[in-house]
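Here is a short report for a reader who is meeting this structure for the first time.

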Amino acid sequence: MRPFATALLLVALGSIAGCDQVQQKLGLENPAAKTARNEAEGKAVGGACRQSGRAIEDCYSIYSWLPKAPIFEGWRDMDAYMRENNLETIAPQLPPPQPPETGKKKKAKPAPPAEGGNAAAAVDKGAAEGEQRAAVPSDKPVADSEKR
């Protein structure tokens, strides 16, 4: 009876390890591991934001997918470090990254108009023509209701 219990225990342990492998293959992540990763990433991002001279509010809006508390903690720690060591801010050379995809597909943007190629120029041109039309008096007789 003893070997059967040992074999059963080994099978149970193997299935638990197999669950981790299946979760890895499916791209599922343990919630505790994800929280720890997001906190570490938030601290790093907060420190980088402070070092680059970004305001904490800007950092929150740029990295909206990360929790705010770790971002603030990293920002505050870097601020203290920079003050102690008399370090200057370093201007960022690259634009901030785009947030990660959420799995939702974005709608395609409408194609630009064929004529002229520039939608803003077409709008400006139309507005200018409208202003000219309003400035040029019409040869049509004005009805009594329009005179008032």
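The model is predicted.

**Salt bridges**

How many salt bridges does the structure hold? The count comes to five. The pair of E73 and K43 links distant parts of the chain. E73 sits in helix α4, which covers residues 68-84. K43 sits in helix α2, which covers residues 31-51.

D79 takes part in two of the pairs described here. One partner is R50, with N to O at 2.8 Å. D79 lies in helix α4 and R50 in helix α2, so this pair ties together parts that are 29 residues apart in sequence. The other partner is R83, with N to O at 3.0 Å. Here both residues belong to helix α4. D79 and R83 are four residues apart, about one turn of the helix.

Are D79 and R50 buried or exposed? D79 is buried, because its 14% relative accessibility is under 20%. R50 is also buried, with a relative accessible area of 15%. R83 is exposed, because its 59% is over 50%.

| Salt bridge | N to O distance |
|---|---|
| D79 and R50 | 2.8 Å |
| D79 and R83 | 3.0 Å |

There is also a network. E29, R37 and E41 are linked in it by salt bridges. As background, side chains of opposite charge can pair when their charged atoms come close.

**The disulfide**

Which cysteines are joined? The structure holds one disulfide, and this bond joins C49 to C59. The S to S distance is 2.2 Å. The link of C49 and C59 is right-handed, with 80° about the S-S bond. It connects distant parts of the chain: C49 is in helix α2, and C59 is in helix α3, residues 56-62. The two cysteines are ten residues apart.

Both ends are buried. C49 has a relative accessible area of 1%, so this cysteine falls under the 20% limit. C59 has a relative accessible area of 0% and is buried as well. In general terms, a disulfide is a covalent bond between the sulfur atoms of two cysteines.

**Around Y63**

Where is Y63 found? Y63 is in the loop between α3 and α4. This tyrosine is buried, because its relative accessibility of 12% is under 20%.

Which residues does Y63 touch, leaving aside those up to four places away in sequence? They are V45, C49, I71 and P97. C49 also belongs to the disulfide with C59. Y63 and P96 are 33 residues apart in sequence. In space, their C-alpha atoms are 8.6 Å apart.

**Looking back**

How values were computed: Residues are numbered from 1 along each chain as its sequence is written. This is a predicted model: local features need pLDDT of at least 70, side-chain atom pairs count only at pLDDT 80 or more; totals for chains, interfaces and linings use all residues. Side-chain values use heavy atoms; hydrogens and water are left out. A salt bridge is a side-chain nitrogen of Lys or Arg within 4 Å of a carboxyl oxygen of Asp or Glu. Buried means under 20% relative accessible area, exposed over 50%, partly exposed in between (1.4 Å probe, protein chains only). A disulfide is a pair of cysteine sulfur atoms within 2.5 Å. Contact means heavy atoms within 4.5 Å.
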